[in-house]
Amino acid sequence: MKSGVQMENDILELERPELFGLITVPIRGDNRGKLVAVENMNGIPFEMKRIFMIYGTSSDAVRGAHANRDSSFAFLTIAGSCRVRLKTHKGTIADEELASPDKLLWIDRMVWKEMYDFSDDCILVVISDHLYNPHEYINGFDEYKTIMAEWVANGRNS
């Protein structure tokens with residue numbers, strides 16, 4: 001597993017050693033075809049409560065472009081490819097290509113995410129540990145940076 005960034009004295013790191021991880025999911029199969037199974041959320045540090053798919057997205061579109069106060073996410077492509085850029089208030093911490101169903105990228109809450117560079121056939125599966133709640137979304141990067149700066153200044157961890 002590829003481990004996420006560790007940032008010393010950062011609010012995101014006070015009780016969480018990793019902000020994201022890239023997991024290789026075993027591919028099984030035979031002459032009838034391939035099978036990839038995410039079982040019991042093995043390797044993902046949260047329980048699944050919601051799953052949705054993003055597809056039919058043009059290559060120049062950017063999806064996400066927000067942070068979530070409460071929700072953590074996992075991403076995997078079941079067809080095609082896309083890129084996922086992750087940021088904190090200090091800047092970009094990762095930019096990963098997802099181009100195979102055996103690569104699963106998970107992120108912790110309060111990490112800014114942007115999905116982009118979608119292939120025409122991309123189907124991106126997104127798993128979350130929370131049900132949809134529009135009030136937990138931070139949709140402006142400037143607002144996100146302000147919130148994170150306040151959290152750091154106040155030593156807030158939740």
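Student: Which side chain does Arg83 meet in a salt bridge?
Tutor: That of Asp95. The N to O distance is 3.0 Å. This is a predicted model, so read that as a computed value.

Student: Where do Arg83 and Asp95 lie?
Tutor: Arg83 is in strand S8 and Asp95 is in strand S9, so the pair ties together parts that are twelve residues apart in sequence.

Student: Which residues are linked with them in a network?
Tutor: Arg85, Lys87 and Glu114 join Arg83 and Asp95 in a network of salt bridges.

Student: How many salt bridges does the count come to?
Tutor: Six. One of them pairs Arg32 with Asp30, at 2.7 Å from N to O. Arg32 is exposed, with 74% relative accessibility. Asp30 is partly exposed, at 38%.

Student: What about Lys145, which residue does it form a salt bridge with?
Tutor: Asp142. Their closest N and O atoms are 3.8 Å apart. Both sit in helix H1, three residues apart, which puts about one helical turn between them. Lys145 is partly exposed at 34%, while Asp142 is exposed at 57%.

Student: Which strands does helix H1 lie across?
Tutor: S6, S8, S11 and S13. Helix H1 covers residues 141-154 and runs at about 40° to S8.

Student: Back to the sheet. What is the strand order?
Tutor: S9-S8-S11-S6-S13. That is an open sheet of five strands, with antiparallel pairing.

Student: Which strands stand at the edges?
Tutor: S9, residues 91-98, and S13, residues 137-138. Each has a single partner strand, so one side of each has no neighbour in the sheet.

Student: How many bridges pair S6 and S13?
Tutor: Two, in the antiparallel sense. Asn68 has Tyr137 in S13 as its bridge partner.

Student: New topic, strand S7. How many of its residues are buried?
Tutor: Five of the seven, so S7 is largely enclosed by the rest of the structure. The strand spans residues 73-79.

Student: Which strands does S7 pair with?
Tutor: S10 and S12 are among them. Three bridges pair S7 with S10, residues 103-107, in the antiparallel sense. Ala74 stands opposite Trp106 there. Six bridges join S7 to S12, residues 123-128, and those strands run antiparallel. Thr77 has Leu124 as its bridge partner in S12.

Student: What does Leu124 touch?
Tutor: Setting aside residues up to four places away in sequence, its contacts include Phe52, Met53, Ile54, Phe75, Cys82, Leu98 and Met115.

Student: How many residues are in the largest nonpolar core?
Tutor: It has 20 residues. Phe20, Phe75, Leu86, Leu105 and Leu124 have the most contacts inside it. Strands S2, S7, S8, S9, S10 and S12 each give two or more residues to this core. Apart from it lies another core of eleven residues, including Val25, Leu104, Val125 and Ile127.

Student: Where is Ile44 found?
Tutor: In the loop between strand S4 (33-36) and strand S5 (50-55). Ile44 is buried, at 8% relative accessible area.

Student: What is Ile44 in contact with?
Tutor: Ile23, Val38, Ala74, Leu104 and Trp106, leaving aside neighbours within four places in sequence. Ile44 and Leu104 are 60 residues apart in sequence, with their C-alpha atoms 9.0 Å apart in space.

Terms used
Residues are numbered from 1 along each chain as its sequence is written. This is a predicted model: local features need pLDDT of at least 70, side-chain atom pairs count only at pLDDT 80 or more; totals for chains, interfaces and linings use all residues. Side-chain values use heavy atoms; hydrogens and water are left out. Two strands pair if DSSP finds at least two bridges between them. Helices (H or I, at least four residues) and strands (E, at least two) are DSSP runs, numbered from the N terminus. Contact means heavy atoms within 4.5 Å. Axes are lines fitted to C-alpha atoms, for helices over the stretch in contact, and angles run from 0 to 180 degrees between N-to-C directions. Buried means under 20% relative accessible area, exposed over 50%, partly exposed in between (1.4 Å probe, protein chains only). A nonpolar core is a set of buried Ala, Val, Leu, Ile, Met, Phe, Trp, Tyr and Cys residues joined through side-chain atoms within 4.5 Å. A salt bridge is a side-chain nitrogen of Lys or Arg within 4 Å of a carboxyl oxygen of Asp or Glu.
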